[in-house]
Amino acid sequence: METLRELLRASLWTKSLSPAQLARIESETLVRDLPVGVPVCRKGEPVEHWIGLIDGLVKMTSVTPEGKTTTFTGLTSGGWFGEGSLLRDKERRYDVVTLRESRVAYMPRATFDWLLDNDIQFNRFLLMQLNERLSQFIAMVEYERLLEPDARVARSLAGLFNPVLYPDQQRDVQLSQEEIGYLSGVSRQRVNQALKVLENAGLVKVQYGRVHVIDLEGLRSFT
DNA sequence: TCATTAAATTGTT
DNA sequence: AACAATTTAATGA
């Protein structure tokens with residue numbers, strides 16, 4: 001996707017909005033283009049925006065006081081995030097960093113609150129998205145303990161293509177094996193092996209610096 | 001357009 | 001973690 005308008009059109013919560021309401025959202029929302037490796041938002045910052053990803057790829061991370069970084073999950077284009085912090089916290093609890101060049105939409109808190117107060121579909125969407133995330137994270141904890149590395153890599157990749165959270169239907173991730181390792185909690189060497197297994201199973205095609213998903217359902221259920 | 005070079009990524013130990 | 005091999009992107013002739 002290239003424009004804020006396209007992102008809004010692809011988002012499930014805009015379906016019931018009038019053209020005037022959409023125009024208001026469009027005019028109040030900021031768009032920024034960010035290069036690779038820069039923060040989209042930082043832990044500890046006051047939460048002033050709901051954030052949408054028009055194009056690109058970002059990751060949610062947390063840095064310990066000692067400087068160790070853990071990656072929670074990747075987020076792909078079409079998705080919105082930060083509603084949890086917006087609803088609950090004064091400060092953001094995690095960092096979001098670009099993994100490749102990204103175009104990001106920042107919806108001000110005031111616009112977010114206005115939607116929350118006036119649009120039932122918007123509230124439904126938030127419930128659904130929060131629920132989807134919850135089950136995603138529960139599944140992560142579950143398979144972190146139960147599954148072998150091949151399956152963990154498979155599911156982290158599949159998670160990037162969750163159609164509920166990221167309506168943009170693309171099948172490519174431009175992501176190094178090192179980054180896939182961070183996303184799935186597996187060493188780069190192990191990712192390398194896992195990708196070969198998945199490629200031999202006909203689920204993905206591995207290219208230099210990117211992975212193309214062939215069989216998404218197969219990836220999700222890979223054991 | 002082609003060749004050269006540096007940087008990034010991959011494959012292997 | 002380390003090393004070599006491979007691929008890409010950038011540069012300049």
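User: What is 2.7 Å from a polar backbone atom of Q177?

Analyst: That is a phosphate oxygen of DNA strand B, and the pair is a polar contact (N or O atoms within 3.5 Å). This is a predicted model, in which local features need pLDDT of at least 70 and side-chain atom pairs 80 or more, while totals for chains, interfaces and linings use all residues. Residues are numbered from 1 along each chain, chains are lettered from A and ligands numbered from 1 in the order written, and side-chain values use heavy atoms, without hydrogens and water.

User: OK, and which residues surround DNA strand B?

Analyst: DNA strand B is surrounded by S176, Q177, R188, Q189, N192, K196, Y208 and G209, each with a heavy atom within 4 Å of it. On the DNA side, sugar and phosphate account for 61% of the atoms of DNA strand B that come within 4 Å of the protein.

User: Which element gives the most to that surface near DNA strand B?

Analyst: Helix 8 gives the most, with four residues; a helix here is a DSSP run of H or I with at least four residues, and a strand is a run of E with at least two. Sorted by class, the surface near DNA strand B has one nonpolar, five polar and two charged residues.

User: What does the side chain of R188 reach in DNA strand B, and what does it reach in DNA strand C?

Analyst: In DNA strand B, a base oxygen lies 2.8 Å from a polar side-chain atom of R188, whereas in DNA strand C a base nitrogen is 3.3 Å from an N or O atom in the side chain of R188.

User: And what about the side chain of Y208, in DNA strand B and in DNA strand C?

Analyst: An N or O atom in the side chain of Y208 is 2.6 Å from a base nitrogen of DNA strand B, and for DNA strand C a base oxygen is 3.2 Å from such an atom of Y208. The residues around DNA strand C are R188, Q189 and Y208, and sugar and phosphate make up 50% of the atoms of DNA strand C that come within 4 Å of the protein.

User: Switching to the fold: at what angle do the axes of helix 7 and helix 8 cross?

Analyst: The axes of helix 7 (residues 177-184) and helix 8 cross at roughly 100° and come within 8 Å, which makes helix 7 roughly perpendicular to helix 8, a label for angles of 65 to 115 degrees. Here Q177, E178, I180, G181 and S184 in helix 7 meet R188, V191, N192 and L195 in helix 8, with contact meaning heavy atoms within 4.5 Å.

User: How does helix 6 pack with helix 8?

Analyst: Helix 6 (residues 149-159) packs with helix 8 at an angle of about 80°, their axes being 9 Å apart. On the helix 6 side the contact is made by P149, D150, V153, A154 and L157, and on the helix 8 side by residues including V191, A194 and L195. By class, this contact has nine nonpolar, no polar and two charged residues.

User: Last one: in what order do the strands form the open sheet?

Analyst: Three strands form it in the order 7-9-8, with antiparallel pairing, where a pair needs at least two DSSP bridges. Strand 7 (172-173) and strand 8 (204-207) are the edge strands, each pairing on one side only. Strand 8 pairs with strand 9 (residues 210-213) over four bridges, and V206 stands opposite V211 in strand 9. Helix 8 (residues 188-200) packs on this sheet, where it touches strand 8 and strand 9.

Definitions and conventions. Axes fitted to C-alpha atoms, helices over the stretch in contact; angles between N-to-C directions. Polar contact = N/O pair within 3.5 Å; in protein donor to acceptor, adjacent residues only side chain to side chain. Nonpolar A, V, L, I, M, F, W, Y, C, P; charged D, E, K, R; others polar. Parallel < 35°, antiparallel > 145°, perpendicular 65-115°, else oblique.
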